[in-house]
Each structure stands twice: as C-alpha cells, then as structure tokens.
Number of protein chains: 2
Amino acid sequence: MKKSKRELVLEEAAKLFVEKGYSATSMKDIAVRNGIEAASLYNHIKSKQDILQDLLLSIAYKFDAGIKNIASSKFRKEERLKEAIKMHINVSVNNQDTTYLILQDWKHLEEPSKAEFLEIRKYYQDTFRDLIVEAKELDVVRNANTEIMLNNILSSLRWIYNQDLYENVSKIDLSQFESEMLQFIFSGIKK
Amino acid sequence: MKKSKRELVLEEAAKLFVEKGYSATSMKDIAVRNGIEAASLYNHIKSKQDILQDLLLSIAYKFDAGIKNIASSKFRKEERLKEAIKMHINVSVNNQDTTYLILQDWKHLEEPSKAEFLEIRKYYQDTFRDLIVEAKELDVVRNANTEIMLNNILSSLRWIYNQDLYENVSKIDLSQFESEMLQFIFSGIKK
DNA sequence: CCTACCGATCGGTAGG
DNA sequence: CCTACCGATCGGTAGG
C-alpha cells in the first residue's frame, strides 16, 4: 500500500522530533528530509502543531485499543497483567519513532489535543493500576505499594522506546525478548 | 549559606527546562522568573548553553562520584549492586530538577561538553554493568541477558526523576521507598 | 511544489 | 541591572 505524501512527511518529522525534540526541529528541517521547500509542506499538513497532534494521538489510541482489548473478557483474570505488559511491549516495538514522543514532546501539544492526550494516558494508567490490584487480589502479585509498582512496571518498559537502545540489545527475537522482560518484572534479578 | 545570583538563575532555568525543555525555554522566560530583564542575565551567565552545560555536567559528576565510591573497597562485593541502586535513588531524589534533564536535554549540549557528558554517562553504565556481572558470578543475581537487565534496572529508576510523580507517590520516608524499589528490582512483583 | 515575503521572536551585544 | 538595538531564524501566507 503506497504511503501518501502526508504519511511520509509525518514519518520524517517523527524521526526529527526524536533526534532533536519538537521545539528544536524547524519546518525547514522537515522539508529538507522530504526533499522539498518548507513552504511546500503546507500542502500536506496544516501546521507544525498539526504534525505533533497526529503523531501523538494516533499512538495514544493504539495503546488505548490495546488496553481495552486486555480488559475485555478475552483473557483469564490471572493472565491479564502479563498480557497487558506483552501488549505494551508490542505496541512500543511496532511504533518506535512515535512511542518515544509520549515521554516528553506531548508537553508541546496545544489544547484541546493536550487534554485529549492526557485523558487517554490517564485512562491507560488507571486501567493498568486496576490490573495490578486485581492481580494482588488473586494472589498473583505481592502486596506492596500499588503506585510504586505501577510506576516501576511502566518505567522499566520505557527504555524500549529508544530505538537505538532496543536495536543494540535485542538481536534476539521478540518472544524471547518478551520473556526476558516478563521475568524481570515478575521475578526481578535475584538468583 | 547564601546562594549567588548565578545559582538562583541556574535553579530557575532548570525548572523551566524541566517544564518546557531547553529549546522551548527563552532567555526572556528565565529572566522573568528571576525578576530581571533578559539582557541582565548575561551578567551572571555567558550564554543559554552555558546554563545547560553547568547543570548537566554538575549532575553527571554527582553520579560519577557516587559510582566511583561504590566501586571502591568500602562495600562487600555481595552488596555493591544493591548499594549502587541506593546511591542512584539518593542522587536522583536530592537533585530532582537537574536529574530530569539527563533524559533528553543533554542532546542540546554543544561540543566539547556533549562529549564530556556522554563519556561520564558511558563510564557510569559500564561500571554498573560490571557490578551486574560481578553479582552474577557471586550467584547473587540470576544468569539472564546482562544488557536487558542493565537497561531494566536503570529504566525502572527513571520515573523518580519526575518530581511530580515522585512526590505524589512517596509520602513515605526515603528508607522505606528505597526498600520498595529494591524489592521490585531484586524480587519483582510476583507473590 | 516553488519564489517571495511577512511579522514575531530568538539569543546576544553595546553602552551606560 | 537597564534601554536600545542587532542579525538570524522562526512558522506561516500569497500567489502562481
């Protein structure tokens, strides 16, 4: 399926945002990567902000769809937290350039997109937290501070967003990688 | 001890860099927070870049001193990895505004400061990796992929850099917090 | 998709 | 620490 010029522009912009951040990336930078003049970009996008909104909301909705799928009745309750972690890894690895932007560049979103993004993120974290609480009740997970656990789990997955890091480390296949990550989160590093 | 005007300017700049990023923060923004005109900042700092370099290299050297202290003969080999993690938590919590900048804003450092920063960071990670390998040999840590383990450990600590997150979660005292973090890293979340 | 151009803002300097 | 000001670059528009 042929990519539209808009899609190509968004892809190059995402890479530049990862390299330099949204604010330090100029329309000229984006244009050069696409082999055109800066003014010509406006035939494909409305504004620089339009690019950021498209990238961030589309990745946010991918995580949103993923977590909603987990919370549905498809999985055994005992498996849901594990499945959510696997989903998070998969969405991250399959959308590496844009996933990185959810770490910081969302701050440059203007309203109302910023509120929309933060709402989706909050829903995601709330659902993830519910899965932890559920897993505790099922005696799958130890009874420690839920907030610390939630932040630790999500934080430990974040280095995957960095393409360079991930590609350097993970010459192994994805299912092996998933299994190493799950082992860390569930059982830690202790022998 | 009274803080110099330069120190006050650096502090406010650090907060702004955390809020908006280095590139999106203007000299005017920094000046307003200090109650002066933008041009007056140059009596205390050489340039915007000068601020970033001071902040990032000073935090880098704090982590550097911390890891060098661990690698010295002060601690039993079996305890060193654990002590390194505790040191990392302490340096993060005690320098919260600047620690956050090591995540992304180091990209805006100019040479030769950028190379200096990256060298310190590399040394830190190399030493941390050595501690993991040592712990494996001592049968303190399981025999899994070292690179994934290293990234997981350091990544799981990173949410602490975000002051809002940390303060929201950690109404508990620091030693209790340390203990929860160590439990996660060494033993995971499994019951 | 280009050339030509706009007002606004940027980091920084001169001079007091 | 201020006023006045600089050249450069920014995102974006007009018109073809």
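Which helices of chain B each supply at least two residues of the surface near DNA strand C? The legends below take up this surface and two other views.

This is a predicted model, in which local features need pLDDT of at least 70 and side-chain atom pairs count only at pLDDT 80 or more, while totals for chains, interfaces and linings use all residues. Residues are numbered from 1 along each chain as its sequence is written, and chains are lettered from A and ligands numbered from 1 in the order in which they are written.

**View 1. The surface near DNA strand C.** Helix H2 (27-33) and helix H3 (48-71) of chain B each supply at least two residues. Helices are DSSP runs of H or I, at least four residues, numbered from the N terminus. A residue is near the strand if its C-beta atom, placed from the backbone, lies within 6 Å of it. Among the 15 residues around DNA strand C, those that come nearest are Glu37(A), Ala39(A), Ser26(B), Ala39(B) and Ser47(B).

**View 2. Domains 1 and 2 of chain A.** The domain assignment, automatic or from a database, gives domain 1 (1-45) and domain 2 (48-187). Their C-alpha centres lie 27 Å apart. Eleven residues from domain 1 and twelve residues from domain 2 make the contact, defined by C-beta atoms, placed from the backbone, within 7 Å. On the domain 1 side, helix H1 (residues 5-20) gives the largest share, six residues.

**View 3. Chains A and B.** Chain A superposes on chain B by a rotation of 180° with 0.0 Å of shift along its axis (RMSD 0.0 Å), fitted by least squares on the C-alpha atoms of residues with pLDDT of at least 70 in both. That is the relation of a two-fold axis.

Conventions. Contact = placed C-beta atoms within 7 Å.
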